[in-house]
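This report covers helix packing and nonpolar cores.

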Amino acid sequence: MNVRKAALNCLNKLQHPNSRISNVIRNTETRVRPVDLNLLHQLVYGTIRWQGQLDWVLNPFIPNRFRLPPRLRNILRLGAYQLLHLNRIPIHAIIYETVELAKPKIKTSRFVNAVLRNLSRNRNSLSFPDQVDEPIEWLSLSQSYPKWLVERWIEEFGLEWATDFCQFSNSLAPLTVRTNTLKIDRCNLVERFLKGGIDARETSTSPEGIQLLGISDLVRSNIYTEGLCQVQDEAAQIIAHLAGITKGSSKLVVDVCAAPGGKTTHLAQLMENDGSIIAMDITDQKIKLVEQNCQRLGITNVETIVASALDPAIRPLSKANIVLVDAPCSGFGTLRRHPDIRWKKNRSQISDLADLQFQILSNVANQIRSDTIIIYSTCTTEIEENQQVIQRFKKQYPNFSVEAISSYLPDKNPTMQTSEGYWQTFPHLHDMDGSFAVRLRKV
């Protein structure tokens with residue numbers, strides 16, 4: 001399939017609110033030539049990332065009476081992204097290939113041609129709102145984020161922080177994997193990547209992490225299929241360490257939101273297949289993902305069950321020593337990898353997620369025994385989903401104490417620890433996903 005047609009198909013599918021960019025791309029990759037894979041990724045991720053800015057740039061060249069159907073809007077976005085953000089493709093080639101996507105409809109193809117030619121002639125004279133007088137509009141349009149999100153971040157963290165965060169979150173994240181130390185140590189795995197022509201570098205915070213450059217299809221490599229590594233961002237690799245668990249501790253760990261199994265298998269890895277882990281999630285499909293990862297990695301101490309973290313009677317919780325609550329969240333800490341989520345969330349959804357997170361925490365708290373540890377974690381930067389959830393929980397459950405995470409971190413970087421004893425990272429400050437975690441003990 002033509003790579004631009006494949007990219008357009010991806011953009012159309014991503015209009016569905018439940019679609020995910022990584023899944024849509026993965027299901028399309030086999031339909032384009034291997035030589036075009038990088039361009040496919042660039043076109044889809046780039047057009048989605050800059051979607052808000054592209055619409056703003058295109059609007060002056062579209063008559064007000066026109067109501068563009070979604071497919072035509074995506075064709076124009078795809079062409080505009082290439083004109084404004086790619087400098088290696090000749091302008092005439094961009095316009096020609098984009099017009100081809102609108103055929104065989106003659107009127108539509110002529111309309112696309114006229115809009116893109118107008119944009120190409122005027123692209124150097126485009127100007128954003130003034131940074132000083134209109135900081136929210138300036139940041140929203142110059143970096144392509146919803147205005148409500150920019151306003152929220154400026155209010156919570158300040159303009160400088162919000163600007164740095166938005167700019168950095170528009171960059172491409174490196175592929176990061178976790179060494180499966182049940183089968184190989186990190187040094188030898190790095191050597192194996194290097195011998196395969198892949199630039200591999202040890203991460204600075206996670207003792208098992210490796211950053212990879214120059215690889216587009218890790219999951220089909222022998223290294224992956226042999227179970228020598230698991231794709232997992234460096235920030236996510238720290239969460240299992242906060243459990244403070246090692247081989248021989250004979251602990252029962254319950255992961256109540258386990259799929260796809262990254263943190264579950266990491267816990268099992270740290271336990272060296274000793275002790276017992278119960279991995280829960282709400283559907284058979286999600287649990288199957290956990291089981292597949294366990295099988296590939298050689299994990300033998302994980303039992304899976306289909307259950308909801310909101311169930312009033314979760315059998316394993318009454319005997320658990322440690323419970324991991326990797327809560328459903330907005331995911332704004334992962335915008336480098338998932339740029340589409342900025343367009344799929346709204347203010348009310350953040351509040352709804354915070355309520356859900358509190359309900360899950362409360363449900364777990366009511367079912368565990370004294371001295372049990374809860375590790376609460378998210379992959380978002382939002383205070384409402386992080387600090388405020390914990391503050392609300394502590395107020396309603398005074399019999400839980402916060403244990404400072406500093407004793408459990410493999411790296412003692414103080415910028416990743418808050419004054420309350422929480423773990424928190426931000427992409428532009430730590431070069432990893434934004435994440436948050438708290439260690440709570442029932443006393």
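## Basis

Axes are lines fitted to C-alpha atoms, for helices over the stretch in contact, and angles between N-to-C directions run from 0 to 180 degrees. Helices (H or I, at least four residues) and strands (E, at least two) are DSSP runs numbered from the N terminus.

The model is predicted, so local features need pLDDT of at least 70 and side-chain atom pairs count only at pLDDT 80 or more, while totals for chains, interfaces and linings use all residues. Residues are numbered from 1 along each chain as its sequence is written, and side-chain values use heavy atoms, leaving out hydrogens and water.

## Packing of α8 and α9

The axes of α8 (residues 135–143) and α9 (residues 147–157) are 9 Å apart, and the two helices pack at about 125°. That angle makes α8 oblique to α9 (under 35 degrees is roughly parallel, over 145 roughly antiparallel, 65 to 115 roughly perpendicular, the rest oblique).

In the contact (heavy atoms within 4.5 Å), α8 contributes Ile 136, Glu 137, Leu 139 and Ser 140, and α9 contributes Lys 147, Val 150, Glu 151 and Ile 154.

## Nonpolar cores

A nonpolar core is a set of buried Ala, Val, Leu, Ile, Met, Phe, Trp, Tyr and Cys residues joined through side-chain atoms within 4.5 Å; buried means under 20% relative accessible area, exposed over 50%, partly exposed in between (1.4 Å probe, protein chains only). The largest has 43 residues, of which Leu 40, Val 44, Leu 76 and Val 112 touch the most other members. Helix α5 gives the most to this core, 7 residues.

Beyond its neighbours within four places in sequence, Val 112 contacts Leu 72, Ile 75, Leu 76, Thr 98, Val 99 and Ala 102. A separate core of 33 residues includes Ile 305, Leu 317, Tyr 376 and Ile 390.
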